Amino acid sequence: MSARPERDARTASAASGRRPRVLVLTTSLLTDRMLLYTGFLPHLHETADVRIWASSLQNPRNAEVWRDTAARVEGFPEVGHYPQVPHNYVRRLNDFVWDFQLADPSRRSVQKHLRDRSQTASVRALRLPARLLARAGAAQPVEAWTERLLRRVPRSPDALRRMRLDPPDLVVSTGPFWFWEPAVVAAAKNLGIPVAALIPSWDNLSTKNRMVFRYDGYFVWSEEAERQLHRYYPESRDVPVHVVGAPQFDVFFQESFRRPRREFCEGFGFRPDRPVIVYAIGSPNFLQEHHGALDMARRVASGELGDVQMLVRPHPIHDDARMTDLFREFGPRVRVQKTSDPEAALTARSQNADQVADWVNTFRHADVVVNLSSTVTIDAAILDRPVVNLDYDPQPGQTDQALVHDINHVWTHFSPVAKSGGVWLTRTPDETADAVRTYLRNPELHREARRWMAEYVCGPLDGESGSRFGEAVGRMTAAIAPAIRAGGA
């Protein structure tokens with residue numbers, strides 16, 4: 001953390017005559033569960049009044065999920081788009097300038113394998129002026145100009161109105177890379193309200209487009225994330241950065257979410273005395289991973305891997321219920337898990353305590369986890385479950401083979417994990433089956449490397465990350481907000 005002094009929140013509250021007020025933004029079920037099922041809200045509530053704007057409240061079924069929280073929970077304000085000209089072109093120009101300035105291998109790979117295929121010619125034409133601006137060392141001035149331009153666009157008049165009526169002392173964005181929350185951040189900055197950002201996942205800094213808006217403080221998982229933050233966003237060296245751990249994994253350490261193996265297995269018609277292979281599938285918008293799961297399902301159903309069972313886990317954001325039909329023929333040894341409400345819009349999804357318990361126990365009771373370079377690698381490592389990681393494109397024709405290779409061997413966030421020895425990289429479906437067999441016989445294999453991998457990515461793993469996050473937000477509210485507002489920023 002940077003060296004800026006911070007006062008105790010209780011002291012600041014007493015000095016001001018009222019409790020500090022914090023507004024927390026959440027637009028994903030992945031961040032909802034950080035707020036709902038950790039010590040974040042109880043610890044922050046000790047020193048501040050908390051309001052949450054949650055997009056999942058657009059689904060009436062989620063009102064029950066938020067009912068008993070130590071905060072005032074409201075629906076997320078409406079958000080509009082930037083004009084294509086000039087604002088979106090300026091944003092892309094800024095992204096390109098930083099891509100050339102930083103020369104990050106993840107971003108270069110994404111541009112080569114994905115964006116060159118999808119971006120229009122007019123957007124790709126921005127790369128030449130961006131290269132010249134990067135050579136001139138103009139990345140930071142370009143971003144400052146981009147921020148000023150974007151702040152002039154009233155993307156969320158509703159957010160502006162609500163913050164004028166009831167101004168918080170600090171706005172905390174838990175999704176600063178996504179479409180919705182930066183609109184509220186811009187409105188807050190225009191009102192002189194300090195803003196802070198949680199970096200919600202380990203890949204966001206190196207793979208996502210720029211966080212154009214400058215924040216008055218940051219919260220990150222680990223010391224490695226702090227190093228990356230300082231590299232990609234040099235101005236972050238001048239504001240507080242708190243290493244708090246990965247709050248969403250706190251539930252892995254909570255006894256209340258643990259279920260006996262028999263109970264968990266019976267929920268899928270599985271026998272608890274047989275091994276369970278968990279095959280986790282990521283975003284279908286990125287890679288067509290379900291082909292690998294189908295191959296494994298055929299092997300399990302035929303008995304090729306022995307007397308085993310397989311649970312297919314779709315990504316909770318992208319669970320659209322289609323997987324059930326794809327795998328129906330392989331039952332009863334193969335089942336598909338329901339991870340969210342497939343009928344709801346992505347931002348309207350959340351997870352109740354039972355769904356979180358399903359997530360926790362899926363990895364607690366997995367005997368082997370198979371995936372393709374996703375965060376479930378870390379889920380498994382935290383619970384010391386062997387991880388098989390595909391180093392090949394499983395779809396017919398392998399059109400994304402070069403991309404998969406880069407993710408495992410080049411990308412900034414995943415290549416250290418792939419090289420750690422904590423995952424078993426496989427190059428063919430037969431190798432994947434062999435790795436699963438070996439891990440079923442010897443689950444202790446690669447245990448120490450798995451532990452290193454989990455700590456490298458997540459920082460402290462003690463079930464208290466949400467509490468640290470809440471305490472850090474409380475200190476930041478007390479220290480940053482009064483000072484900045486007094487200075488007229």
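I took a salt bridge to be a side-chain nitrogen of Lys or Arg within 4 Å of a carboxyl oxygen of Asp or Glu. The model is predicted, so I noted that local features need pLDDT of at least 70 and side-chain atom pairs pLDDT 80 or more, while totals for chains, interfaces and linings use all residues. Residues are numbered from 1 along each chain as its sequence is written, and side-chain values use heavy atoms, leaving out hydrogens and water.

I found 36 salt bridges in the structure. In one of them Arg67 pairs with Glu64, with 3.2 Å between the closest N and O atoms. For accessibility I used relative accessible area with a 1.4 Å probe and protein chains only, where buried is under 20%, exposed over 50% and partly exposed in between. Arg67, at 53%, is exposed.

I then looked up Arg231 and Asp104, whose side chains form a salt bridge at 3.6 Å, N to O. Arg231 belongs to helix α13 (residues 223-232) and Asp104 to the loop between α5 (84-102) and α6 (105-118), so the pair ties together parts 127 residues apart in sequence. Asp104 is buried at 3%, whereas Arg231 is partly exposed at 38%. Helices here are DSSP runs of H or I with at least four residues, and strands are runs of E with at least two, numbered from the N terminus.
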